[in-house]
Amino acid sequence: MSCLTVHELELSARVLLRRHGPGAPDEARRQAETCAPGGERHWVATWLVIAELCEELLAGAGPVTHPAG
């Protein structure tokens, strides 16, 4: 199992937001549900984290990661 970085999780959330708008958190939860029957718990957890990030971004939270610079 490979782990995603916080930056990769945030990018995933932003892509979902572009594709699904305000429905992005629900879409991420649907993805988590599709992973659940196969027993791939790490993907379920990943999608749930992405759903939370989508909600934070929709609420106006700033970026989770800060680019080095």
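I began with the packing of helix α1: its buried residues pack against α2 (24-35) and α3 (41-58). I note that the model is a predicted one.

**Helix α1**

I looked up the extent of α1 and found residues 6-20, 15 residues in total. From first C-alpha to last, α1 reaches 21 Å, close to the 21 Å expected. I then listed its buried residues: Leu9, Glu10, Ala13, Leu16 and Leu17. They sit on the same side of α1, because they cover an arc of only 120 degrees around the axis. On the face turned away from that buried side I found the exposed residues Arg18 and Arg19. After α1 comes Gly21, with a positive phi near 55 degrees.

**Glu10**

I checked Glu10 separately. Glu10 has a relative accessible area of 4%, so it counts as buried. Glu10 and Leu57 are 47 residues apart in sequence, and I read 9.2 Å between their C-alpha atoms.

**Salt bridges**

How many salt bridges does a search of the whole structure find? The search finds five.

I looked at Glu27 and Arg30, whose side chains meet at 3.2 Å, N to O. Both lie in α2, three residues apart, about one turn of the helix. Glu27 is buried at 14% relative accessibility, whereas Arg30 is partly exposed at 45%.

Next I followed Arg29. Arg29 forms a salt bridge with Glu52, with the closest N and O atoms 3.9 Å apart. Glu52 lies in α3 and Arg29 in α2, so this pair ties together parts 23 residues apart in sequence. Arg29 also meets Glu55 in a salt bridge, at 2.6 Å. That pair links Arg29 in α2 to Glu55 in α3, 26 residues apart.

Methods:
Residues numbered from 1 in each chain as written. Predicted model: local features only at pLDDT ≥ 70, side-chain atom pairs only at ≥ 80, totals over all residues. Heavy atoms only, no water. Helix = DSSP H or I, 4+ residues; strand = E, 2+ residues; numbered from the N terminus. Expected span 1.5 Å × (residues − 1). Buried < 20%, exposed > 50% of the residue type's maximum accessible area, 1.4 Å probe, protein only. Arc of directions from axis to C-beta. Contact = heavy atoms within 4.5 Å. Salt bridge = Lys/Arg side-chain N within 4 Å of Asp/Glu carboxyl O.
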